[in-house]
Amino acid sequence: MELIRNVVSKYFQFVMLSHRWGEGEPSLGDIWSSPIYNLSAKGGFGKLQQFCLVALERDYLWVWSDTCCIDKHSSAEVQETIGTMFAWYRRSALTIVYLSDVPDNGSFGKSEWFKRGWTLQELLAPLNILFYTQNWSLYKNLTSSNHKTDPSVLEELEKATGVESRFLTNFSPGLDDARSRLHWASSRLTTRPEDTAYSLFGIFNLYLPVLYGESSGNALSRLLAEVISKSGDISVLDW
C-alpha cells in the first residue's frame with residue numbers, strides 16, 4: 001500500500017509558475033477546449049507553452065499557472081484560491097520563476113518581479129525554486145536542482161528583497177516577526193490596491209474575506225486588526 005501511495009504521489013507532483021503578468025495572458029476559457037500547443041505563441045501564450053515544456057523536460061506532467069488555472073468569473077473560486085495559494089506553492093515539487101526582463105547574462109536584482117506584491121509569497125512559500133531568464137535559460141546557467149540552496153543566489157536574493165536568508169530557505173507562515181513580514185512587502189506594488197493586503201494572507205496564515213471593491217486602506221485595516229487580535233503585537237502599526 002505504501003508503494004502504491006508513493007507511486008501515485010510522485011505521478012501527481014506539480015510545478016508552479018511565478019511570473020509578472022504581461023499583455024495577452026491566457027485565461028481559463030482560452031485553454032479549456034484546446035491543447036495549448038495549438039494556440040498562438042504570442043504574448044502570454046508563448047510563455048505558458050515554454051513553461052510547460054520546461055516542466056516536461058524535468059519529468060513533471062502537471063503544472064499550474066495563475067493566469068489560466070483560476071476561474072476569475074467565480075468569486076467563490078477567487079476567494080478559495082487566495083486563501084490556499086501559499087499552500088499550493090509550498091506543496092509544489094518545484095516553482096519556476098520566469099524573469100521576462102532579465103537577459104541571459106544579466107543579474108536579477110532590479111527585476112520587476114521583486115517589486116510586485118504577490119511574488120513575495122511566491123518566493124517564500126516554495127521549498128524548491130529555479131529562476132529562468134527572458135529566453136528561458138537557467139539563471140547564470142546554474143544547474144543545481146534548487147536555486148534556494150545556492151549561496152550566490154541567496155546573497156543576491158537578500159539584497160533584492162531585504163529578506164534574511166534564513167527566511168528564504170526555511171519560511172513558516174504565521175504571526176512571528178509580523179512587523180518584519182509587513183516591512184518586506186512595504187515597497188511592493190499590486191495592480192488592484194486591495195491586493196496589497198490580500199497578498200499577505202498566506203504569509204500570515206490568515207483566512208479573511210476577499211472583498212474586491214473595498215479600499216486598500218480598509219483591506220489593510222482588516223489585516224492588521226486580525227494580526228493584532230491573534231498575536232497581541234501592536235508594533236505592526238509602525239511598519
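**Reading the model together**

Tutor: Let's start with a pair of residues: serine 18 has valine 97 in β3 as its bridge partner. Before going on, note that this is a predicted model, where local features need pLDDT of at least 70, side-chain atom pairs count only at pLDDT 80 or more, and totals for chains, interfaces and linings use all residues. Residues are numbered from 1 along each chain as its sequence is written, and side-chain values use heavy atoms, with hydrogens and water left out.

Student: How many bridges join β1 to strand β3, and in which sense do they pair?

Tutor: Strands here are DSSP runs of E with at least two residues, while helices are runs of H or I with at least four, numbered from the N terminus. Two strands pair if DSSP finds at least two bridges between them. β1 and β3 (residues 94–98) pair in the parallel sense, and the number of bridges is 5.

Student: Which residue in β2 stands opposite valine 15?

Tutor: β1 also runs parallel to strand β2 (residues 62–64), joined by 3 bridges. The residue opposite valine 15 is valine 63.

Student: How many residues of strand β1 are buried?

Tutor: Buried means under 20% relative accessible area, exposed over 50%, and partly exposed in between (1.4 Å probe, protein chains only). Phe14, Met16 and Ser18 point one way from β1, Val15, Leu17 and His19 point the other way, and all are buried. Strand β1 (residues 14–19) is therefore largely enclosed by the rest of the structure, with a buried count of 6 of the 6 residues.

Student: Threonine 95 is in strand β3. With which side chain does threonine 95 make a polar contact?

Tutor: Threonine 95 counts as buried, at 0% relative accessibility. Leaving aside neighbours within four places in sequence, threonine 95 has contacts (heavy atoms within 4.5 Å) that include Met16, Ser18 and Tyr89. A polar contact is a pair of N or O atoms within 3.5 Å; within protein, one must be able to donate a hydrogen and the other to accept it, and residues adjacent in sequence count only if both atoms are side-chain atoms. At 3.2 Å, the side-chain partner of threonine 95 is serine 92.

Student: Is isoleucine 4 buried or exposed?

Tutor: Isoleucine 4 has its place in helix α1. With 52% relative accessibility, isoleucine 4 counts as exposed.

Student: How many salt bridges does a search of the whole structure find?

Tutor: Side chains of opposite charge can pair when their charged atoms come close. A salt bridge is a side-chain nitrogen of Lys or Arg within 4 Å of a carboxyl oxygen of Asp or Glu. Across the whole structure, the number found is 10.

Student: How far apart are the closest N and O atoms of glutamate 112 and arginine 20?

Tutor: Arg20, Glu112 and Lys115 are linked in a network of salt bridges. In one of its links, glutamate 112 and lysine 115 have their closest N and O atoms 3.3 Å apart. For glutamate 112 and arginine 20, that distance is 3.9 Å.

Student: Which lysine forms a salt bridge with glutamate 156?

Tutor: The closest N and O atoms of this pair are 3.0 Å apart, and the partner is lysine 140. Glutamate 156 lies in helix α6 (residues 151–161) and its partner in the loop between β4 (129–132) and α6, so the pair ties together parts 16 residues apart in sequence.
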